Each structure stands twice: as C-alpha cells, then as structure tokens.
Amino acid sequence: SRLGAIYLMLADRAGLGEQAENLVREASGSFEQAITLDVFSPFNYAELGKVRWRQGKREEARALFSQALTYEPNFLPARVLLTSLAIKSGWMDLARAQYAIIRETRNRYDGLVLNSLERQYVDVDADLLKKQLHTKGFD
C-alpha cells in the first residue's frame, strides 16, 4: 500500500506522459498486491479505486469502492469517493443514496470519542459533496 502511494506521488511529480502512466501502472500493481495480502482492508480497495478512476476506468473504480464498503460499511472515505464518482458520472440516484448514508453515519458517530483508526473511517468532508449535489439541483 505504501509503495503504491509512493508511485502515485512520483507520477504526480512526473506530470503527464509515458513516465507518469508507467508510475500509475506500478501503483496499480502495488495496490493489487496489497489487496491480495490484506483482503479485508477497505483502504486498499479505495486506493486502487482512485487509481482506476484516474485511468478513466469508472466502472472498475465503482466496483472497488463498493467492495471496500462490503468489508466495512462505515468506511466513509470510500463512500465519499463513490459519491463523487457518481456525481461526475451522472449516476445521481447512487450519489444521493450514498450521501444520505454518509450523513446518517456521521450523525451516529458525532460526539463520540474515537481512536485514531476509528477517525480514519468516519472523518470526511461531506460539505464538498453537498455543494456538488446542490449544483446538480439536489439537496
């Protein structure tokens, strides 16, 4: 997982072109290996989903974000990514449904004392999604 993150950082620095594409492919392979080694970690599915989205493979990204949520339904970073992908792809029913789950989950955990791992699952900025949905005419 860390190797994949390093490849992505290098790809961002490389800009556009073949070198960046090769680094993104390496990141993809690293995240695939991370999934093989830790099948139940939602983090790896979300990261590979971001890579697939970056590669223009929206359906694969959607499936990976959904797989992360299968293993951990309260993993809000994957829900935020799925919602954002849905908005950009015009899948508004999916976007609205995911946003409602995000709000419900945030409300359930609001005010509770969470450890650092638990915060990684629920600390997300849903305001951007709200703005994106509002721009599309949905609240």
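H5 passes H6 in a left-handed crossing, a crossing being left-handed if the near helix is turned anticlockwise from the far one by less than a right angle, and right-handed if clockwise. The model is a predicted one, in which local features need pLDDT of at least 70 and side-chain atom pairs count only at pLDDT 80 or more, while totals for chains, interfaces and linings use all residues. Residues are numbered from 1 along each chain as its sequence is written, and side-chain values use heavy atoms, with hydrogens and water left out.

Two packed helices are described by the angle between their axes and the distance between the axes. For helix H5 (residues 76-89) and helix H6 (residues 92-109), the axes come within 8 Å and cross at roughly 155 degrees; here axes are lines fitted to C-alpha atoms, for helices over the stretch in contact, and angles run from 0 to 180 degrees between N-to-C directions. H5 and H6 are therefore roughly antiparallel to each other, given that angles over 145 degrees count as roughly antiparallel, under 35 as roughly parallel, 65 to 115 as roughly perpendicular and the rest as oblique. On the H5 side, Leu76, Arg79, Val80, Leu82, Thr83, Ala86 and Ile87 meet Met92, Leu94, Ala95, Gln98, Tyr99, Ile101, Ile102, Thr105 and Arg106 in H6, where contact means heavy atoms within 4.5 Å. By class, this contact of H5 with H6 has 11 nonpolar, three polar and two charged residues; Ala, Val, Leu, Ile, Met, Phe, Trp, Tyr, Cys and Pro count as nonpolar, Asp, Glu, Lys and Arg as charged, and the others, Gly among them, as polar.

H6 also packs with helix H8 (residues 127-135), at an angle of about 145 degrees and with the axes 11 Å apart, and the crossing of H6 and H8 is left-handed. The contact is made by Met92, Ala95, Arg96, Tyr99 and Ile102 of H6 together with Leu129, Lys130 and Leu133 of H8, residues that divide into six nonpolar, no polar and two charged. Threonine 135, which lies in helix H8, is exposed, with a relative accessible area of 69%, on a scale where buried means under 20% relative accessible area, exposed over 50% and partly exposed in between (1.4 Å probe, protein chains only).

Arginine 52, found in helix H3, is buried, with a relative accessible area of 8%. Leaving aside neighbours within four places in sequence, arginine 52 is in contact with Ser28, Glu32, Lys57, Glu60, Ala61 and Leu64.

Valine 39 has its place in the loop between H2 and H3 and is partly exposed, with a relative accessible area of 32%. Apart from neighbours within four places in sequence, valine 39 is in contact with Tyr45 and Tyr71, whereas valine 39 and glutamate 104, 65 residues apart in sequence, are 27 Å apart in space, C-alpha to C-alpha. Alanine 11, in helix H1 (residues 2-14), counts as buried at 0% relative accessibility. Not counting residues up to four places away in sequence, alanine 11 touches Ala20, Leu23, Val24 and Arg54, and the C-alpha atoms of alanine 11 and tyrosine 71, 60 residues apart along the chain, are separated by 29 Å.

Taken as a whole, the protein has eight helices and zero strands, helices (H or I, at least four residues) and strands (E, at least two) being DSSP runs numbered from the N terminus. The radius of gyration is 16 Å, close to the 14 Å that the globule rule gives for 139 residues, so the protein is as compact as a globular protein of that length; the radius is taken over C-alpha atoms, and the rule is 2.2 Å times the number of residues to the power 0.38. The C-alpha atoms fill a box of roughly 40 × 35 × 25 Å, taken along the principal axes. Of the 139 residues, 40% count as buried, and among contacts between residues at least 6 apart in sequence, 51% join residues at least 24 apart.
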